[in-house]
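Reader: I would like to learn how to read a model like this one. Could you take me through some features one at a time?

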Amino acid sequence: MMSYAVAVRDLRVERGRREVLHGVSFEVPRGSVLGLIGPSGCGKTTLMRAVVGVQTVAGGTVTVLGEPAGGPGLRAKVGYSTQSPAVYDDLTVTENLAYFAAVLGAPKTDIARVIGEVGLDDAAGQLARTLSGGQKSRASLAVALLGAPELLVLDEPTVGLDPVLRNELWGLFHRLAAGRGVTLMVSSHVMDEASRCDRLLLMREGEILADDSPGALRDRTGATDLEAAFLRLVADRETVNER
Amino acid sequence: MSVQITLATARRILTQLRHDHRTVALMVLVPTLVMVLLYYVIGDQRAFDSWTPVLLCVFPFLVMFLVTSIATLRERTTGTLERLMASPLGKLDLLLGYGLAFGLMAVLQVALVLTVSLTWLGFDLGTSLWPLVVVALGNALLGTALGLLCSAFARTEFQAVQFMPVVMIPQLLLGGIFVARDQMATVLEWVSNVLPMSYAIEAMKLAAATGAEGDFWRDVAVVLGSAVLALVLGAATLRRRTP
């Protein structure tokens, strides 16, 4: 059990009267990078919120680092970055990070480190309100990197970034996993990012279509790229349902 | 609860205000300007002396209610609250942080309006001043606490602003400023008996007439007790898990 950073069993989530996750189960080994891939509205964000412990769940269990998700002992160990940047608009990047570092009990030296890691050195003294969309989402990502999180849950962290930066961030994610043994759950709706994950969860309409490594997925579906593999899986699922 | 996180939160809110000069100017200057206006409108020193304590009592409540409800609503809508709820921060850390930061602003506000009233406007209470200051600050705290609570019921800033007259006007009408409370219809007097502002106004009248005598401390205790109750209820509306 302890070899998994995240273990989800039969997770069901309802929003309003609609069930948006229909009994999802999967595990994430420690020190690996898991990609959550699927179209907008498929339940990626809801699933990540459940792992962080901020989502009301209707059934099932979510175990994170051996504890029930959202437990008090986990709050300093799990770094979380939401899809829309969650920083204070009327504070500078440094001031934002200084506050969250104090809340997390992270050392002050972390502030400069994470600013460097997300490449925001030039904008450190700027009010968050004046940042571009991409800069702001990097500021929000930087907050999740503060301290020494054992699990990072990052919801679409690379949206709107230029390819060079996106490449750098993926490099950072792998360094964190390989060097510090951090486990990462990264969501994306961009298929070309999927190939950079150790493992993929392909999601659609609140269900997991596939849970495998990118290479295995390509082999299994006989598709050359992941976009085609995804389409093949959706088509297979639909023929099964029709029978 | 953690003193360090509470203080960091208060410092963060004051830093946000420091970047917003116009709001600070409005908070600190408006009560004083209204007082000056009132002085020239009334044009009669004795009538002015009797209205000054009323404004001293009402203004801190009003301003603190508005500013706090909008500030906390913003935390909810920008996602920073969700981020904080996933962090080691305790709910009371956040509420007390707001109470401390805006309480400090209330001290500035009351200090300036009192200084101007006592010097330029020749305000003369005829008895010691500190009981009136106690009531004004107690009321500022009550406004902060009720603002925090009401923001939980507002989805947008428009709604939050509309809560101000809803909470404020009945309390003023029934509080004994315009009609003495014992001359109201029995039902209205009962309602008046359960509204915290009634006790604040009574304490203010006692402070202006005789100082900290009679029921003064009981009334102040009711005001502070209501503020604590509103803070606790406000904490209950902050959920770590949301749908």
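Author: Gladly, beginning with the naming. Helices (H or I, at least four residues) and strands (E, at least two) are DSSP runs, numbered from the N terminus. In that naming, H174(A) sits in helix α5 of chain A. The model is predicted, and local features need pLDDT of at least 70, side-chain atom pairs count only at pLDDT 80 or more, while totals for chains, interfaces and linings use all residues. Residues are numbered from 1 along each chain as its sequence is written, and chains are lettered from A and ligands numbered from 1 in the order in which they are written.

Reader: Does H174(A) count as buried, exposed or partly exposed, and why?

Author: The test counts other C-beta atoms, placed from the backbone, within 10 Å of the residue's own: 20 or more is buried, 12 or fewer is exposed, and in between is partly exposed. H174(A) is partly exposed because it has 15 C-beta neighbours inside 10 Å.

Reader: In what order do the strands of the open sheet in chain A come?

Author: Two strands pair if DSSP finds at least two bridges between them. The open sheet has 6 strands in the order β6-β7-β8-β3-β9-β10 (chain A), and its pairing is mixed. At the edges are β6 (78–81) and β10 (207–212) of chain A, each of which pairs on one side only. Angles here run from 0 to 180 degrees between N-to-C directions, with axes being lines fitted to C-alpha atoms, for helices over the stretch in contact. Neighbouring strands of the sheet are turned by 15° against each other on average, direction ignored.

Reader: Which strands run parallel, and which pair in the antiparallel sense?

Author: Here is one example of each kind. Strands β7 (residues 151–155) and β8 (residues 183–188) of chain A run parallel and are joined by 5 bridges; D155(A) has S187(A) in β8(A) as its bridge partner. Strand β9 (residues 199–204) of chain A pairs with β10(A) in the antiparallel sense, over 5 bridges, and L200(A) is partnered by D212(A) in β10(A). β9(A) and β10(A) form a hairpin with 2 residues between them, and E205(A) in the turn has a positive phi of about 45°.

Reader: Which helix packs on the sheet?

Author: Contact means that the C-beta atoms of two residues, placed from the backbone, lie within 7 Å. Helix α5 (residues 163–180) of chain A packs on the sheet, where it touches β3 (33–37) and β8 of chain A, and its direction makes about 155° with that of β8(A). Helix α4 (residues 133–145) of chain A lies across β6 and β7 of chain A and runs at about 170° to β6(A).

Reader: Which residues touch the most other members of the largest nonpolar core?

Author: In soluble globular proteins, nonpolar side chains tend to be buried together. A nonpolar core is a set of buried Ala, Val, Leu, Ile, Met, Phe, Trp, Tyr and Cys residues joined through C-beta atoms within 7 Å. The largest one here has 143 residues, of which V51(A) and L97(A) touch the most other members. Helix α3 (residues 45–78) of chain B gives the largest share of this core, 12 residues. Leaving aside neighbours within four places in sequence, L97(A) is in contact with residues including I111(A), V114(A) and A142(A).

Reader: How many helices does chain B have, and how many residues does it bring to the contact with chain A?

Author: Chain B has 10 helices and 0 strands. Of its 243 residues, 43% count as buried. The contact takes 23 residues from chain B and 25 residues from chain A. On the side of chain B that touches chain A, α1 (3–18) and α4 (80–85) of chain B are the elements giving two or more residues, and α1(B) gives the most, with 6 residues.
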